[in-house]
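Me: I would like to learn how to read a few local features in a protein model. Can we go through them one at a time?

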Amino acid sequence: MNLYSINKSRNVICKGFVAGLTLLFCSFANGAIESAGDLDPAVQQLMSGGGGIDAQQVQQNIDWKSGTYGQLDSKGPAGTEAIRPFGSQLFDGGFSGLRSDGLNSDYKVTPGDQVVLRIWGAIEMERVLPVDARGNVFIPTIGPVRVQGLSHKDLDTRIRGAVRAIYPENVNVYTQVQGVQPVGVFVTGFVSRPGRYAGTPNDSAIYFLNQAGGIDDLMGTYRAIKVIRNGKTIETIDLYDFLLNGQMVRPQFRDGDTLVVGERQASVVVTGDVERSYRYELTKNEMTGAALTKLTHMKAGVSHVLLRGDRSSGPLTGYLTLADFRQQPLQNGDEVILSIDKRYDTIVVEIEGSFYGPSRYSLPRNIMLQDFLDSIAVPKGITDTTSISMRRESVAQRQKESLDESLRRLEATYLGASSATSQEASIRVQEAELITKFIARASKAEPSGRLVVASNDHIANIRLQDGDVITIPEKSDSLLISGEVLVPQSVVFESGKSVADYINGAGGFSSHADKSKILIVRQNGEVRDAGDVALKAGDEILVLPEVPTKNLQLATSISQIVYQIAVATKVVTGL
């Protein structure tokens with residue numbers, strides 16, 4: 001059976017009523033119906049052909065950083081000065097106290113070290129030999145042996161050769177560096193606490209930098225840290241190699257060496273749709289978008305880049321695709337804002353209720369509700385095709401915003417009011433307690449986002465949106481009585497029975513019921529006053545509570561919010 005089988009003439013009538021039908025729910029939920037959104041005034045005037053507005057002005061009014069549209073502060077995105085340099089986390093304590101013992105396979109022997117020597121066989125000897133200032137160890141009966149600059153393996157080979165040159169037969173040799181000479185390394189330049197710091201020759205540059213409080217966030221470089229010995233630069237360390245690849249130059253320090261942290265030359269701030277915002281330092285050969293994107297941990301789906309900076313010709317602002325940005329040259333001080341700004345050609349819509357086939361569909365963005373329903377097959381005889389409704393995320397969000405705003409107005413109006421007399425103050429205290437409890441309960445309400453699309457056998461032919469949930473209900477033979485009745489229940493629908501008959505069958509009104517506020521909720525999501533509609537199968541009778549206060553203005557305000565919650569959630573929030 002074809003789900004939507006209304007003839008062409010009725011379709012024409014349906015189109016004439018689209019606006020009225022889709023706004024019907026709005027009248028009950030205080031603006032909950034979905035709209036196209038509030039455009040920036042400049043955008044509206046540009047779209048309508050208004051004069052005095054150009055594309056550049058529109059672009060200035062777009063907040064690319066957040067991915068939303070609206071007026072930007074003239075100062076631009078705030079807080080970029082507080083963004084830390086990439087790599088500053090190295091000095092948050094991870095290298096503190098991790099002083100090396102200097103004993104590893106790459107260690108080179110230096111004057112002041114102590115070498116353990118054991119000889120057995122034809123002769124017996126066990127000595128701890130210091131390495132003298134000339135880089136030699138003196139072995140009794142053998143003489144001086146030069147060991148400075150040798151690794152552990154080479155040290156063993158050198159001493160074994162010297163011993164066997166004198167004792168060639170039946171001699172075994174074992175050597176080990178027992179201890180290393182501590183060194184003092186000067187750390188200066190753009191660090192927090194310049195000074196001389198103790199360590200071992202094999203400690204890393206990060207260890208000494210950490211002792212000096214780390215690199216200055218505002219001015220220090222991470223890309224060109226010099227190791228100076230006797231007035232000459234023996235190594236230049238780039239900490240990005242360690243941060244990105246785990247590789248780092250490891251010079252063996254000597255007493256009196258100097259670590260110099262130079263001034264940062266060029267940096268670019270990256271914010272927006274990234275895992276974490278950083279200030280990235282670029283070398284002269286890396287001043288391009290391609291080099292920057294290799295360093296940046298961007299979120300999946302980033303498609304565009306907003307580039308801001310200063311050039312010799314004046315301020316620069318450009319909105320580029322990610323591919324074009326990779327070809328873009330950069331300069332010191334640029335700000336890059338990555339944005340997930342894709343517009344997909346398809347949407348995903350979900351169906352629930354009585355139908356055949358899958359529950360989710362990937363559809364073109366311009367698909368209309370009637371066109372989609374025409375393709376859905378439903379069980380014959382049990383599907384109520386006249387009571388189709390829809391849940392939409394944007395509607396639920398606007399319902400929630402409207403409810404929160406109403407609660408804020410209620411709180412601001414009554415909780416801050418002054419009292420002229422002590423008797424009035426006592427009443428105010430009681431009202432404040434009532435309002436506080438009510439706001440706490442009401443703020444937990446979660447609107448359903450129900451959108452009325454069917455009325456009087458007509459279905460509004462609206463455009464579907466991503467995330468829409470279409471409800472195709474089964475025909476019902478029951479009726480639900482809920483809210484402020486003694487025994488909320490579902491009963492079999494009987495034609496001819498009135499609302500009062502059904503409420504009496506549920507035990508009558510509770511002591512908190514407002515007998516003048518009874519709603520009828522249809523299967524299609526439509527909400528009507530009980531006095532304006534005839535009951536039918538599938539309806540819900542919803543009895544609202546009475547506000548227990550003699551303050552007429554307060555009672556009216558709370559009643560309106562209770563009504564709003566009932567429409568948006570089909571749940572009664574009592575006091």
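Reply: Start with Asn230, which counts as exposed because its relative accessibility is 74%; exposed means over 50% relative accessible area, buried under 20% and partly exposed in between, with a 1.4 Å probe and protein chains only. This is a predicted model, where local features need pLDDT of at least 70, side-chain atom pairs count only at pLDDT 80 or more, and totals for chains, interfaces and linings use all residues. Residues are numbered from 1 along each chain as its sequence is written, and side-chain values use heavy atoms, with hydrogens and water left out.

Me: Where is Asn230 found, and what is its phi?

Reply: Most residues other than glycine have a negative phi. Asn230 has a positive phi of about 55 degrees, and is found in the loop between strand E10 (220-229) and strand E11 (232-237). Strands (E, at least two residues) and helices (H or I, at least four) are DSSP runs, numbered from the N terminus. Thr141 also has a positive phi, near 70 degrees; Thr141 is found in the loop between strand E5 (136-139) and strand E6 (143-146).

Me: Which way do the side chains of strand E14 point?

Reply: In a regular strand the side chains alternate between the two faces of the sheet. In E14 (residues 278-281), Tyr278 and Tyr280 point one way and Arg279 and Glu281 the other way, and all are buried. Strand E13 (residues 267-272) runs antiparallel to E14, with four bridges joining them; two strands pair if DSSP finds at least two bridges between them.

Me: Which residues of helix H5 are buried?

Reply: Leu155, Asp156, Ile159, Ala162 and Val163 are the buried residues of H5. They cover an arc of only 135 degrees around the axis, so they lie on the same side of H5; the arc is that of the directions from the helix axis to the C-beta atoms. On the other side of H5, Lys153, Thr157 and Ala165 are exposed.

Me: What does the side chain of Glu484 contact?

Reply: Glu484 is buried yet has no salt bridge, meaning a side-chain nitrogen of Lys or Arg within 4 Å of a carboxyl oxygen of Asp or Glu. The nearest side chain of opposite charge, Arg441, is 7.8 Å away; Lys and Arg count as positive, Asp and Glu as negative, and His and the chain ends are not counted. A polar contact of 2.7 Å joins the side chains of Glu484 and Ser510. Such a contact is a pair of N or O atoms within 3.5 Å; within protein, one must be able to donate a hydrogen and the other to accept it, and residues adjacent in sequence count only if both atoms are side-chain atoms.
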